[in-house]
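Here is a quick briefing to read with the model open beside you. Keep the viewer handy as you go through the topics.

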Amino acid sequence: MTVTGQADHSGAESDFNPMVNPHQEDPHPFYRRARTRSVMFSPSVDAYLVCRYTDVHAVLDDPETFSARLAFPFIYDNPPEVVAELRAGGVPEQRRLVDEDSPRHRQIRALIDVGFSAQRIRSLMPVVWRRAEELVDRFTGGTADLVAEYAGPYVQGIINAVIGFPVEAAERVETSTLDSFTLSNPAAPVEAKIDAARRLGEFTRYLQALVDARRAAPRDDLISVLVHGADGIPGLAQDGAVHGIIRGTRIAGFPTTRDAITATTLLALQNPAVHEGILREPTQTIIKATEEALRRNPPNRGVFRVTTREVELGGTRLPQGARVLVLFDSANRDDTVFPDADAVVLGRPNVHDHVSFGRGLHACPGAPVARAEIQVALRTLFGRLPGLRLADGFEPTYRAIHLVRGLESLRVQW
Ligand code: HEM
């Protein structure tokens with residue numbers, strides 16, 4: 001392709017901040033304009049925005065040029081007083097899997113893939129069904145907030161079971177996830193980061209005790225797979241490697257799946273044809289609604305990469321060391337790939353071409369688990385509550401934790 005010029009730096013027109021409106025509530029008018037232009041630089045995220053479907057593929061298909069390793073703030077990239085607290089607590093200096101490049105990424109990923117094999121997912125399914133039923137059993141009074149009372153606790157319970165956290169550790173585990181977010185958020189106050197670092201030290205000691213227990217007596221969980229698998233891989237044998245991967249998997253698997261469940265439920269409740277289809281033919285309709293909701297509202301809106309050399313992208317030359325932000329929620333609405341992209345169309349022939357689970361080297365290993373969780377959640381909900389509808393006066397609003405976007409609440413009645 002011919003290199004046509006430098007990136008567009010035209011100020012406010014190209015600036016994008018996923019945490020601020022209109023880009024939080026409805027980024028699509030901005031994306032539509034952005035897709036008519038080449039890659040643009042956005043000062044708010046300090047990155048070039050990659051909005052067109054073909055450009056998103058080009059980045060994700062070339063991990064040597066577009067590296068994940070330096071793309072996301074690392075918890076040790078913090079002010080000295082925060083780093084001192086992390087060191088004092090013995091928090092391992094291990095990045096998450098998603099921040100690694102090959103060959104190290106390939107070694108760890110092979111272990112993770114064992115942890116998410118089809119056989120392990122099958123053995124998990126009774127836990128998933130039971131968890132959904134228990135939560136519906138607890139509803140009282142003909143009304144509920146499906147974020148706080150259903151999707152949240154449901155996904156938390158499942159991901160903790162997959163990883164191997166005991167039920168009674170749920171609160172401690174959730175706090176450690178929030179602390180990791182705080183430590184990776186460049187905008188969080190230093191005092192909050194110091195507190196988070198201290199608590200992460202306590203959590204590290206707790207996790208190490210679990211690692212030791214699984215080393216002595218393996219169970220059917222991800223901690224056991226990692227502890228025993230890592231022992232066979234040079235450079236990964238230290239327990240610190242396992243800590244980073246476990247923390248990263250918990251972060252990757254929780255808010256995303258919760259938000260996908262509520263997005264799919266909202267899509268069904270706002271579209272009578274979908275709702276009626278679910279009541280008539282739940283299995284097939286829910287599978288289709290899940291993919292269409294993932295395409296239209298990806299819970300993980302995008303990912304950062306950093307260029308390892310000068311490169312041309314979509315007709316624009318980017319220097320070495322440039323940050324790019326790949327926007328899945330824009331690519332999934334690209335009309336050149338998905339005709340009438342804003343519309344809800346059940347059974348689009350190419351719906352699986354959406355990029356909501358990423359693509360290539362880092363493509364989400366949790367996608368089969370996530371799809372199973374979403375589908376069981378909806379099967380249970382609509383099966384048990386056939387009169388389900390949005391609560392009177394409910395208006396959807398979105399919460400954004402950086403690039404993870406989902407419904408703040410989903411109030412329903414029946
Ligand atoms: C609807 C739910 C989910 C969505 C939308 C989602 C999305 C993604 C995306 C876009 C990536 C690629 C990131 C990149 O390229 O930098 C990814 C990676 C990852 N996801 Fe998910 N995810 C979901 C659920 C899960 C679940 C349930 C788990 C685990 C139980 C999980 C674990 C991971 C891990 C470990 C990675 C890193 C993979 C690697 O770097 O090789 N995800 N996810």
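Which residues of α7 are buried? They are V173, E174, S176, T177, D179, S180, L183 and S184, where buried means under 20% relative accessible area, exposed over 50% and partly exposed in between, worked out with a 1.4 Å probe on protein chains only. Keep in mind that this is a predicted model, in which local features need pLDDT of at least 70, side-chain atom pairs count only at pLDDT 80 or more, and totals for chains, interfaces and linings use all residues. Residues are numbered from 1 along each chain as its sequence is written, and side-chain values use heavy atoms, with hydrogens and water left out.

**Helix α7**

- Helices (H or I, at least four residues) and strands (E, at least two) are DSSP runs, numbered from the N terminus.

**Iron site and cysteines**

- The ligand's iron atom has C364 as its only protein donor, through SG at 2.3 Å. Donors here are N, O and S atoms within 2.8 Å of the metal (3.2 Å for Na, K and Ca), and since water is not among the atoms, sites may look incomplete.
- C364 belongs to the loop between α14 (328–331) and α15 (367–384), and it counts as partly exposed because its relative accessibility is 32%.
- C51, by contrast, counts as buried because its relative accessibility is 5%.
- Searching the whole structure turns up 0 disulfides, a disulfide being a pair of cysteine sulfur atoms within 2.5 Å.

**Pocket and cavities**

- How these are found: on a 1 Å grid over the protein atoms alone, a cavity is a set of points where a 1.4 Å probe fits but cannot get out, while a pocket is an open set with protein on both sides within 12 Å along at least five of seven lines; lining residues have an atom within 4 Å of a point. Grid points are joined across faces, edges and corners, and a volume is the space filled by probe spheres set on the points.
- The second largest pocket comes to about 520 Å³. Its lining has 26 residues, with V127, G157, N160, A161 and V162 nearest the centre.
- α5 (118–137) and α6 (147–163) each give at least two residues to that pocket's lining, and α5 has the largest share, with 8 residues.
- By type, the lining of the second largest pocket splits into 12 nonpolar, 6 polar and 8 charged. Nonpolar covers Ala, Val, Leu, Ile, Met, Phe, Trp, Tyr, Cys and Pro; charged covers Asp, Glu, Lys and Arg; the others, Gly among them, are polar.
- Of its 14 lining residues, A263, N297, P298, Y398 and R405 are closest to the centre.
- α11 (255–270) and β12 (404–407) each supply at least two residues of the largest cavity's lining, which divides into 5 nonpolar, 4 polar and 5 charged.

- Most residues other than glycine have a negative phi, and most peptide bonds are trans.
- The N21 to P22 peptide bond is cis, with omega near 5 degrees; P22 is in the loop between β1 (5–6) and α1 (28–35).
- The S102 to P103 bond is also cis, with omega near 5 degrees, and P103 is in the loop between α3 (80–88) and α4 (104–115).
- D46 has a positive phi, near 50 degrees, without being a glycine. D46 sits in the loop between β2 (40–42) and β3 (47–50) and, at 44% relative accessibility, counts as partly exposed.
- D340 is a non-glycine with a positive phi of about 50 degrees. Its place is the loop between α14 and α15, and D340 is exposed, with a relative accessible area of 53%.

- L410, in the loop between β12 and β13 (411–413), counts as buried because its relative accessibility is 0%.
- A148, in helix α6, counts as exposed because its relative accessibility is 53%.
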